[in-house]
Amino acid sequence: MDVEILARVQFAFTIGFHYIYPPLSIGLGLMLVILEGLYLRTGQRIYEMAVRFWIRIFALIFGIGVATGIIMEFEFGTNWATYSKYVGDIFGSALAAEGIFAFALESGFLGILIFGWNRVGPRIHFFSTIMVFLGSMFSAVWIVVANSWQQTPAGYHIVGEGLNARAEITDFWAMVFNPSSVDRILHVWTGAILAGAFLVLSVNAWYLLHRKHVEIARPTFKISLLVVTVFSLLQLFIGDRSAEVVAHYQPAKLAAMEGHFDSSAIADMYILGYVDKKAEKTNGLKIPGGLSFLTYGSFKTPVTGLRAFKPEDRPSQVNSVFQFYHLMVASGVAMIFLSLLGCWLWWRKKLFNYRWLLWVYALSVLLPQIANQAGWFTAEMGRQPWVVYGMLRTSDALSRAVTANQIVFSLILFTIVYIVLFTLFLFLLNRKIQHGPVDYGTKEEIESGQRRDNPLLEHHGVQG
Amino acid sequence: MHHFLGLDYNVWWFLVFGAVISGYAILDGFDLGAGSLHLFLKKESSRRIAMNAIGPIWDGNEVWLVIGGGALFAGFPVAYAAIFSAFYVPFMIFLVGLIFRAVSIEFRSKEPWLWWRKAWDIVYCVASIVISLSLGLMLGNVVEGLPLNGNKEFSGDLLSFFNPFAVMVAITTLALFMMHGAIFLTMKTENRLFVKLHVLANNFIVFFVVSFTITTVYTLLYIPHLGDFFRSRPQYFAIPLLMILAIANIPRQVKVGKYRFAFISSTITISLLLIMVALEVFPYLLYSPQHPENSITIYNAASSIRTMKILLVMALVGTPLVGIYTSFVFWTFKGKVKLDEMSY
């Protein structure tokens, strides 16, 4: 097979797998801050039990996130050496900043978050929780800055020619605040918070269905319902802003997202559909002029279509971009619907009355995951054939010292490893959820020996 | 030229990168070493304590690898591109080792079953050994140099990585980490486990000294040009001399039970070893023995002056911050390991 396809498949696979975890860490981080804050404020045992339970889940997710994330930092060098030389000046700076300002912060305080409950005072522990959360948010900032620069390059100039050409920074802050970074950071943050909050929501729905830990599950469910409501509605506006940036700076991507070919025609917005690339036509259920309206505020204004671009400058998989984009939007709409429905039932005091609805909430954890993955596939496949938009083609960005066989070897290796990892992750996550929150007892109770039956100590098999 | 305190930015960034790599070797070195000797501990409770000794800090230690990768990518992108595409296969194995090690620490404690824990103990130990060996193998090859073409891309083959010198450096690295890790664990343990680790530390000191001596003799006999720097500048002989004194001090401190001093000595040993490597290769990042004109140096691999400046500002702001919270975390978990309900 072709090195380019293999390298792209490998990147998509490793980043897609990685991207299950960091958004969960960010979202759970916020939930930990909220729950621990409530515990400190109210002193209620249920919040302590909830926060310590979620810290354990957080540790599992964070561990896999780190392990799969380190791969990503080096994959640019192993598979995309020409790209690395071309953009190192800029892209490398953002990655270095991520390491020293964000990742170091979250990893440093992670030890205290997980192991420090009995070692430091409650305030210092709360401080550590906040630092881990902030570290993960900063991490997202630098990574999205680096990626946004690939989408909408700014603050650079090109030095040299041919194989020696490369981009150099002329203005650091213009590079950091390139036209798409702020909107995309907000978009990614919000998606990440939804991932974590929906996990909490769904696990608590499951507890309520099985009448386990009800006294903890009810308040925690309500808290996470509030979080998902706020952020799924916010995402509606933030996502719209992101689309406007795409319309302005990456018209070919926007055209691919809605399968729009003819620049002189008004652009429709599809609810469901299919792009026939050969016939250059899109079929499906549509709102006529919808895309024109979203882009220019008028149903009559034409929007640049794919035919305005040379065939070699168009995204190669238009239908995939279209489908991923619509999958993301549909998941987003479903999240908003579920949140508002929950709030309305809560207001009518019927929130926990319907078992089938609790089942829907228990499965809703998949929605933000689907939306996050589909969103990134839209962003990255829509950027093709460029790795840096308008500057460097993906086909020119490869490592020339690496052969197809080497990539096949590592792809097989990662596939096996990640299948094993994912199976173990689901197994352990399920076990932890089944096990549920634990009442550790108060400090006095533990010290006076009243808690010798501490179920967790037993569970973890402490011996002499 | 662009200078800062008498040195140009490229040299400064080379120093920063070297410091980060040394920080990584010192910090992750002891937890990799603790992992590599894990199967020498037989009892479930001993293994659990040993794992919890590094539990709260290993992740922070690995951050230095991430910072090092970023530092190389940002400061010397040409070297980053050449080194990682050249070491494609060994590096992928290294990365898979990192994944398995990270998850084995996380997964082991999650189930009480003996077979489960034993299986993860093996994964943890093997992964730590594979990581240490592949780090050493890559370091050995970088020190020797790699065949590079006119585009500064690797033009050699995979099997050439397994030459005698690189293999010896790999084994020496493993021995060094095992010694470093065993000494670290003596500081964190009590009673019979502590006694056992004291004995292990002594054995690994012998392992390290023997493999280090063999590697040194081999180098002097067969790769004499690696000693050029020190041969032409006798005043720098102070560095290898200091290192030998530091190595000699390790068994001495272990014998009298001053493990903290022994740990400081092995830390100094790692730093001085890497300083010697840095002096020997400088100003090359990747030397091409067949075609020296294709070599990658800190000048032809570097980012722009502006980026170098930005990076130095980042390092000046970021390093003290990392130092503060790393010390805070180490201080929180100082002393002997105490298991509680949140432990692994």
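The following conversation works through a predicted model, asking at each step how a value leads to a description.

User: What share of chain A counts as buried, and what share of its contacts comes from residues 24 or more positions apart?

Analyst: Of the 464 residues of chain A, 59% count as buried, the cut-off being under 20% relative accessible area. Among the contacts in chain A with a separation of 6 or more, 76% are between residues 24 or more positions apart. The chain exposes about 18,800 Å², of which carbon and sulfur atoms supply 65%.

User: What makes the nonpolar patch on the surface of chain A, and which residues form it?

Analyst: The patch is formed by Ile271(A), Leu272(A), Leu285(A), Ile287(A), Phe293(A), Leu294(A) and Phe299(A), which together have about 650 Å² of accessible area. Strand 3 (269-276), strand 4 (281-287) and helix 10 (290-296) of chain A each give two or more residues to it. A patch residue needs over 30% relative accessible area, and Ile287(A), which lies in strand 4 of chain A, has 34%.

User: Why is Ile287(A) called partly exposed?

Analyst: Partly exposed covers the range between the buried cut-off, under 20%, and the exposed cut-off, over 50%. The relative accessible area of Ile287(A) is 34%, so Ile287(A) is partly exposed.

User: Why is the contact of Lys286(A) and Asp268(A) called a salt bridge?

Analyst: The limit between a side-chain nitrogen of Lys or Arg and a carboxyl oxygen of Asp or Glu is 4 Å, and the side chains of Lys286(A) and Asp268(A) meet at 3.2 Å, N to O, in a salt bridge. This pair links distant parts of the chain, with Lys286(A) in strand 4 of chain A and Asp268(A) in the loop between helix 9 (251-257) and strand 3 of chain A, 18 residues apart.

User: Are the two partners buried or partly exposed?

Analyst: They fall into separate classes, for Lys286(A) at 40% relative accessibility counts as partly exposed, whereas Asp268(A) at 15% counts as buried.

User: Which residues of chain B are linked in a network of salt bridges, and what do its pairs tie together?

Analyst: The network links Glu44(B), Arg47(B), Arg108(B), Arg117(B) and Asp121(B). In one pair, the closest N and O atoms of Arg108(B) and Glu44(B) are 2.7 Å apart. Arg108(B) lies in helix 5 (residues 88-108) of chain B and Glu44(B) in helix 2 (residues 44-54) of chain B, so this pair ties together parts that are 64 residues apart in sequence. Both Arg108(B) and Glu44(B) are buried. In another pair, the side chains of Asp121(B) and Arg47(B) meet at 3.1 Å, N to O. Asp121(B) lies in helix 6 (residues 114-144) of chain B and Arg47(B) in helix 2 of chain B, so this pair ties together parts that are 74 residues apart in sequence. Asp121(B) and Arg47(B) are both buried as well.

User: Where does the description "transmembrane region" come from, and what is the helix content of residues 161-187 and residues 307-333 of chain B?

Analyst: The description comes from the UniProt annotation, an unreviewed entry, and the residues of chain B that it covers include 161-187 and 307-333. In the model, residues 161-187 of chain B are 89% helix and 0% strand, with end C-alpha atoms 37 Å apart. Residues 307-333 of chain B are 96% helix and 0% strand, and their end C-alpha atoms are also 37 Å apart.

User: Why is Asn191(B) called exposed, and what is its phi?

Analyst: Exposed requires over 50% relative accessible area; Asn191(B) has 62%, so Asn191(B) is exposed. Its phi is near 55 degrees, a positive value in a residue other than glycine, and its place is in helix 8 (residues 191-222) of chain B.

Key:
Residues are numbered from 1 along each chain as its sequence is written. Chains are lettered from A and ligands numbered from 1 in the order in which they are written. This is a predicted model: local features need pLDDT of at least 70, side-chain atom pairs count only at pLDDT 80 or more; totals for chains, interfaces and linings use all residues. Side-chain values use heavy atoms; hydrogens and water are left out. Patches are made of residues with over 30% relative accessible area and no salt bridge: like charges are joined within 9 Å, nonpolar side chains (Val, Leu, Ile, Met, Phe, Trp, Tyr) within 5 Å. Accessible areas come from the Shrake-Rupley method with a 1.4 Å probe; for residues, only the protein chains shown count as cover. Helices (H or I, at least four residues) and strands (E, at least two) are DSSP runs, numbered from the N terminus. Buried means under 20% relative accessible area, exposed over 50%, partly exposed in between (1.4 Å probe, protein chains only). Contact means heavy atoms within 4.5 Å. UniProt positions are given in the numbering used here, feature names are shortened, and annotations may be inferred rather than shown by experiment.
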